[in-house]
Amino acid sequence: MTLLSIRNLEVQFKHYEGVTKALKKISLDIKEGEKVALVGESGSGKSVTARMILGLLSNSNIKKNGEIFFENIDLLKESSSQIKQIRGNEISMIFQDPVSSLNPYFTVKKQMLQALENHTKDYDKNTIEKYFVNLLKDVKIEDPERVLNSYAFQLSGGMAQRVMISMALINNPKLILADEPTTALDVTVQKNVLSIMKDVISQKKMSMLLISHNLGVVREFADKIYVIYQGRILEEGSTEKIFNSPGHIYTQTLLQAIPKINSSKLPSLDSENLDYLSQPKFTH
Amino acid sequence: MKFSGGKMRIFKINLLSLLVTSLFSLSLMAGGTLRLDEVAIGEADPAKATDFADGIIMENVYDALVTEPQGGGPVVGKLAKDWEVSNDGTTITFHLHEGVKFHSGNDFTADDVVYSYERLMGLKLGWSYLFDGWVKGIKKIDSHKVQFDLNEPYAPFMSSLVRFYIVDSATLKANETDGDMGQAYLSANSAGTGAYSITAHDPNVETRMAKHNKYFLGIAEMAPNEVILKYNLDAPTVRTLIANDEHDISSNWLPTDVKAAIADSGDKLAKVVSAGGWYFKINTTRAPLDDVNCRKALAYALDYDSLVGTFQVTDDIAAGQKARGPIPQGMIGYSEDVPLVEYNLDKARDYLSKCKYSGGDLDVTINWIAEVPFEESWALILQQGAMTIGYNATVETLPWAVFSENVTKPETTPNISIVAVQAQTPDPDGLIYNMYHSAAAGTWQSAEWVQDDKIDAMLNAGRTTIDAQKRVEIYEDFQQAIVDMQPDLFISDLVTVYAMRDEIKAPTLENSAEYGFSTMAQNFSFRLMEVPN
Amino acid sequence: MLIGVSILIFIIARIIPGDPARMALGPTATQEMVEQYRDKLHLNDPIHVQYWFFIKGITQGDLGESVYTKRNVTTDVSTYFPATLELIIFAALIMVCVGVPLGILAGRYKDKSIDNISRLISLLGVVTPSFVWAVFLMIIFAFYLDILPVAGRLSQDTVAPDKITGLIIIDSIIRGQFDVTIDALKHIILPALALSLSALGQASRLTRSNITEVYDKQYIEMARAYGYNEFKIATKYALKPAMIPTLTILGLDFAAMLGNAFLVEFVFAWPGIAKYGVQAILYKDLNAITATTMIIATFFVITNLIVDLVVAYLNPKIRLSGK
């Protein structure tokens with residue numbers, strides 16, 4: 001069953017110089033328990049997509065069209081208080097830079113507690129710490145008690161991202177959005193964090209939208225891949241098909257650019273010279 | 001607030017008078033609170049007082065043996081009933097009033113006079129210099145008789161006594177700490193016989209005084225019950241306070257335009273001619289102004305009409321009157337025979353041609369005091385005249401502290417400086433000795449550096465001559481001698497103008513001419529004022 | 001450090017031209033009187049001997065005699081300092097209670113009309129010296145409207161409560177004399193407002209820029225993504241990080257008010273230490289100059305210390321690195 005369904009989403013940013021079209025009628029589906037990846041260069045609109053789902057880009061300078069159905073409610077038409085009920089509760093998000101995503105002036109425990117309290121006041125105060133400890137254990141944190149009482153600056157990047165993952169799990173969401181979750185991390189821990197994330201999400205049978213510029217990362221993780229370029233989906237299909245028989249030139253270019261080791265560097269694409277948009281969308 | 005208060009009180013009075021007219025009529029006649037301000041801080045100790053604000057306190061809280069009479073002339077008795085002077089003029093015996101009470105309730109006696117004198121000379125501050133070196137001793141003859149012995153005849157002695165205030169010896173002895181002769185006590189309290197006693201005193205903020213009901217000279221029916229003398233109020237503050245009926249009398253130092261604005265909005269001004277003057281003091285030791293002709297040239301190049309114009313506060317009131325010489329109108333030695341110097345550029349050029357300096361040597365600096373901004377316009381008027389006849393005149397400003405330091409040496413004393421001097425006693429000696437005697441050189445009062453034997457001799461003679469008529473002649477001659485010498489350009493007699501709330505009656509200020517001119521602050525006799533309740 | 005300041009001030013005060021004894025004794029004092037007074041003030045001794053007398057006095061709680069008020073400086077200072085303290089505390093309250101929320105609103109609604117209004121207010125506050133505000137406020141509220149008093153700490157008929165702290169508002173509350181409290185509040189509003197307006201402008205600008213900076217941080221976006229409501233973010237989640245750097249500057253602003261107060265004290269006839277200090281300089285009142293400067297310096301040091309401690313307590317990074 002489809003959990004999230006984006007239909008013809010169009011987003012424009014108004015600014016002094018005029019209007020920038022960030023997303024041009026994109027459509028995307030995520031089924032229950034499915035792990036979907038959205039892959040593209042920076043500036044391609046992939047992060048905008050994630051933020052649109054959570055309604056994080058709502059101000060008067062943004063013009064939006066289309067629908068984002070989450071369990072049959074159109075998130076674009078919901079009131080902001082309704083959206084707030086969904087944020088961090090049914091859909092949660094993991095950001096790129098874990099250390100700066102945690103507030104430096106509050107302990108992990110306080111922030112986890114707050115993430116919980118934003119959606120329920122009805123919990124057992126005596127067992128809640130145990131619950132947090134277990135969540136941290138799920139992401140393979142060895143001394144969860146210490147981490148709970150730590151501040152962000154006391155944690156390594158990998159540790160902080162694992163904290164973020166467990167925070168995303170607090171309210172048992174149906175969907176987790178992960179925006180380049182490993183890009184800011186050390187190469188050596190990227191893989192580790194990624195596999196922890198994959199395990200825990202599979203185990204809890206949650207759906208996931210992984211946003212990445214790196215097809216290599218995505219390969220081991222996603223069931224399905226969308227390739228986005230300049231606000232347009234150029235190719236969609238199962239991971240297997242995308243890797244084995246990429247239909248679009250752009251996808252092929254991306255595949256060629258995968259470095260031997262997973263790198264945090266962006267693949268160098270000569271996108272200026274190639275007119276990828278002239279070729280129509282390829283759906284497997 | 002402004003009007004409702006008044007209405008409320010009227011209503012209250014009507015109600016009360018209906019109920020118990022006779023019983024309350026007395027207390028209803030008492031005056032209200034008088035509020036005034038002064039620039040300098042107030043000194044409450046009569047042995048330390050020197051300034052005008054101090055003078056206001058002294059005039060009301062303490063009494064001296066003698067005082068200046070209404071309308072001018074020789075001093076008359078106050079705490080002293082009368083006195084005898086020995087033939088050689090060196091022994092003066094005072095008969096004191098009986099039944100005079102101090103604020104404490106103690107009786108005033110000869111012991112208090114002796115103690116007050118010993119205290120003044122022991123602390124050696126304030127006006128002690130008026131007696132220092134002249135008085136050999138003081139002794140009590142009986143409980144209300146006291147005798148001063150002088151080293152030699154000293155004509156200004158009786159006038160000097162105006163500044164010798166009598167303190168309550170019993171109270172001060174009882175409140176002495178560490179042998180301080182009651183200094184600590186008097187810094188916040190009073191121990192006098194005056195019409196008002198101090199109830200609170202903060203030298204930087206205000207002095208509060210209350211009526212002394214047993215005052216031996218009596219107090220006007222509507223005289224203020226309480227007086228608050230405030231210090232260092234800002235001009236806009238005074239303007240606002242008077243407009244809101246929260247202040248009664250301003251200081252003289254309120255800017256002219258603020259005084260005019262107050263007069264314009266329905267309140268009034270009072271003009272008091274004071275014993276002193278405004279002077280352009282010329283350093284007579286520095287070229288080119290060490291030549292009398294160069295100085296005379298300046299005297300005729302000064303546009304006196306423009307100068308006097310700057311004194312105009314309103315059409316009717318000017319804060320100045322043209323001076324003939326160093327001795328102001330009304331003081332012994334003032335003479336109409338001394339001709340007024342007029343603005344005359346031909347004469348000025350004539351004098352300048354007789355001067356031994358010319359051309360590039362005619363550099364002069366005119367200094368005005370930074371704290372007294374209106375002096376600048378006077379400096380500019382003089383500069384204008386001086387430049388017209390060929391001087392190269394520059395105008396500079398100096399803060400008071402620097403100026404008073406510079407005048408201690410002739411070589412650092414400015415060519416020309418603008419200063420006001422007020423007599424400390426009603427005697428001309430109290431004004432001019434400090435300005436012109438060679439022994440008094442080196443202060444801002446003597447920035448002329450007159451070192452002249454003839455002048456010294458005249459000043460000495462004025463001090464030691466007892467015969468009153470002879471003294472008048474000496475000082476008239478002196479006046480002419482100084483004008484001939486021209487160590488100063490005489491700007492104006494010292495005239496003070498106070499802004500007053502319309503409801504206040506202060507005849508001593510408003511009709512000051514009848515009360516004689518003011519050396520210090522006797523025009524501020526609160527007991528003669530009327531303040532509506 | 002304070003010893004260094006005291007030596008420096010001690011020397012500078014003596015370099016200012018003018019003879020304190022002559023200034024004190026008035027125009028007519030004889031040279032003999034001046035010399036005698038100079039001896040009493042130890043002014044004829046070498047400067048290190050003078051300093052020794054000064055330090056000796058301080059250890060006995062005696063700051064020497066003021067030639068201006070002719071009282072002991074200790075008495076003067078204990079009379080005038082509480083008045084200024086009360087004034088600047090009140091001004092600081094206005095600065096924090098108005099300036100900080102204004103800055104938060106401006107930072108939160110950056111480039112919206114509320115931001116523009118608040119920036120205009122801040123700018124006016126910063127560019128207009130406090131004595132101009134003082135006269136301006138006086139003209140409006142006292143002269144034309146006549147609703148607030150212009151001079152002093154209390155009305156002429158109001159008796160100050162017996163001294164506990166020297167802060168009339170606090171003392172009158174402690175003693176239950178609430179009519180005095182109200183009178184004192186009426187008197188403090190205009191001078192405190194005049195004094196606070198320029199600091200308020202700075203506080204609001206500073207808060208705005210710090211809030212803006214914090215709102216650009218990832219953890220604010222993350223807070224939104226986790227369903228925090230905006231009020232909670234503004235009052236807690238963004239406020240704490242934004243206020244910690246602001247606090248340091250606010251502390252300095254507060255201490256600086258002590259020095260800036262003098263013109264406001266002049267206009268409103270506020271019997272404070274700043275006005276006293278300026279008079280002391282004009283009168284070349286050495287002991288008073290030294291004492292006033294030392295108090296301002298000490299006040300700066302103590303305020304800074306307190307701010308540093310508070311910041312260290314609030315900022316876990318500093319707090320934990322100390323352990």
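Predicted model: local features only at pLDDT ≥ 70, side-chain atom pairs only at ≥ 80, totals over all residues.
View 1. Chain C places 16 residues in contact with 21 residues of chain A. On the side of chain C that touches chain A, the elements giving two or more residues are helix H10 (218–225), helix H12 (239–267) and helix H15 (316–321) of chain C. H10(C) gives the most to this side, with 6 residues. Sorted by class, the side of chain C that touches chain A has 8 nonpolar, 3 polar and 5 charged residues.

**View 2. Chain A, with 11 helices and 11 strands.** The radius of gyration of chain A is 19 Å, close to the 19 Å from the globule rule for 284 residues, so chain A is as compact as a globular protein of that length. Its C-alpha atoms fill a box of roughly 60 × 45 × 40 Å along the principal axes. Of the 284 residues in chain A, 46% are buried. Among contacts in chain A with a separation of 6 or more, 70% are between residues 24 or more positions apart.

**View 3. Chain B, with 17 helices and 16 strands.** For 533 residues the globule rule gives 24 Å, and the radius of gyration of chain B is close to this at 25 Å, so chain B is as compact as a globular protein of that length. Along the principal axes, the C-alpha atoms of chain B fill a box of roughly 85 × 60 × 45 Å. Buried residues account for 54% of the 533 residues in chain B. Of the contacts in chain B between residues at least 6 apart in sequence, 73% join residues at least 24 apart.

Conventions: Residues numbered from 1 in each chain as written. Chains lettered and ligands numbered in written order. Contact = placed C-beta atoms within 7 Å. Helix = DSSP H or I, 4+ residues; strand = E, 2+ residues; numbered from the N terminus. Nonpolar A, V, L, I, M, F, W, Y, C, P; charged D, E, K, R; others polar. Rg over C-alpha atoms; globule rule 2.2 N^0.38 Å. Buried ≥ 20, exposed ≤ 12 C-beta atoms within 10 Å, placed from the backbone.
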